[in-house]
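Subject: Structure handover

Hello,

Here is the structure for you to work with. My notes on it follow below.

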Amino acid sequence: MKDTALHLRHLVKPGQKLHLKDVDPGDTAPYKHKDEVQELLADDKRDLVELQELLYAEGKHSVLVVLQAMDTAGKDATIQHVLSGVNPQGCPVTSFKVPTAEEIAHDYLWRVHQAVPGKRMLGVFNRSHYEDVLVVRVHNLVPKDVWSQRYAQINAFEKHLTENGVTILKFFLHISKDEQKKRLQARLDDPQKHWKFAVGDLKERALWDQYMEAYEDALNHTSTPWAPWYLIPANRKWYRNLTVARVIVETLRGFKMKWPEPADDLSGVVIED
Ligand code: ADP
């Protein structure tokens, strides 16, 4: 049965003080098994394909989907599953890596602003400006008095974007440390997955608690009415995919978009043999 409130279930309410340790990454309520959601997910993906086409055709809105997560939580897989079938011309995906020399010479939002999707686009950020209050904080890449000012800067930046027609949806794909161990082990055990295994990921894993603290602060400081966070329990991949798809679908549906009128009067147009 379709849970019509699923898209709101994992919203981080602005002003709420959230404790990550109280959130179960294995939560799949109200579903127990993958088989229960296959059809629902297929429906959502079909709706997403149609709504994205409408978004593209109407050309009035732009949507920015931000994905953040610890390694192996499935940022790439979520993009692959949820957006499969969507017209790639309308869905630019930008991955943010360690900043280049040119990027580091600018303020941290410079590279991000350039990648913000324009009208008619559904753009995805695989990692984002949030790295500048996550990895940067955990590794002391800048002093605390620098990163701690960034929450307010990010809120102001995102407000500016929304006031200029960008709808922002932010997802933290939340897995447990145990689940990450299983997934890393699976990568080690399967030669076809070795390419995904970076020994450096183990160093980040060792900093798990510091990352959780940084995520918790980021969620609490930057889930705003104009750019909310969704805290997605991601131990079960099927539940992760379903909830992310549903939030995007419901957001697009909320635009109440219309197919544009044709540029020309088509009445009486006859196509000759
Ligand atoms: P991914 O893990 O996203 O698939 P990579 O393995 O190339 O891709 O990792 C990208 C790396 O870039 C991550 O370790 C991430 O923390 C790092 N990174 C991203 N943005 C920044 C930033 N602003 N400052 C420092 N490191 C960053």
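Arg120 sits in the loop between helix H5 (110-115) and strand S3 (122-126). Please keep in mind that this is a predicted model. Arg120 has a relative accessible area of 32%. That value lies between the 20% limit for buried and the 50% limit for exposed, so Arg120 counts as partly exposed.

Which residues does Arg120 touch, leaving aside its neighbours within four places in sequence? They are Leu55, Tyr56, Ala57, Gly59, His61 and Gly90. With Tyr56 there is a polar contact: a polar atom of the Arg120 side chain lies 2.4 Å from the backbone oxygen of Tyr56. Tyr31 is another matter. Arg120 and Tyr31 are 89 residues apart along the chain, and their C-alpha atoms are separated by 34 Å.

**The sheet**

The sheet is open and has 5 strands. Their order is S2-S3-S1-S4-S5, with parallel pairing. Strand S2 (93-95) and strand S5 (229-233) are the edge strands, each pairing on one side only. From one strand to the next, the twist averages 20°.

Strand S4 covers residues 166-174. On one side, S4 is joined to S1 by 8 bridges, and the two run parallel. Val66 has Lys170 in S4 as its bridge partner. S4 also pairs with S5 in the parallel sense, over 5 bridges. Here Phe171 stands opposite Tyr230 in S5. His174 has Pro233 in S5 as its bridge partner.

Is S4 enclosed or open to the outside, and how many of its residues are buried? The count is 8 of the 9 residues, so S4 is largely enclosed by the rest of the structure.

**Thr72**

Thr72 belongs to the loop between strand S1 (62-69) and helix H3 (75-82). Its relative accessibility is 10%. The limit for buried is under 20%, so Thr72 counts as buried. Not counting residues up to four places away in sequence, Thr72 touches Ile175, Gln180, Arg183, Leu184 and Arg187.

**Helix H11**

Helix H11 takes in residues 208-222, which is 15 residues. At 1.5 Å a residue, the helix should span 21 Å. The C-alpha atoms at its ends are 21 Å apart, so the two values agree. Buried residues in H11 are Trp208, Tyr211, Met212, Ala214, Tyr215, Glu216, Ala218, Leu219, Asn220 and Thr222.

**The ligand**

The ligand is surrounded by 13 residues. The closest are Lys97, Val98, Arg111, Arg127 and Glu131.

- Arg111: a polar side-chain atom lies 3.1 Å from a nitrogen atom of the ligand.
- Arg127: a polar side-chain atom lies 2.6 Å from an oxygen atom of the ligand.
- Glu131: an N or O atom in the side chain is 2.9 Å from an oxygen atom of the ligand.

Best regards

Methods:
Residues numbered from 1 in each chain as written. Predicted model: local features only at pLDDT ≥ 70, side-chain atom pairs only at ≥ 80, totals over all residues. Heavy atoms only, no water. Pairing = 2+ DSSP bridges. Helix = DSSP H or I, 4+ residues; strand = E, 2+ residues; numbered from the N terminus. Axes fitted to C-alpha atoms, helices over the stretch in contact; angles between N-to-C directions. Expected span 1.5 Å × (residues − 1). Buried < 20%, exposed > 50% of the residue type's maximum accessible area, 1.4 Å probe, protein only. Contact = heavy atoms within 4.5 Å. Polar contact = N/O pair within 3.5 Å; in protein donor to acceptor, adjacent residues only side chain to side chain. Near = heavy atom within 4 Å.
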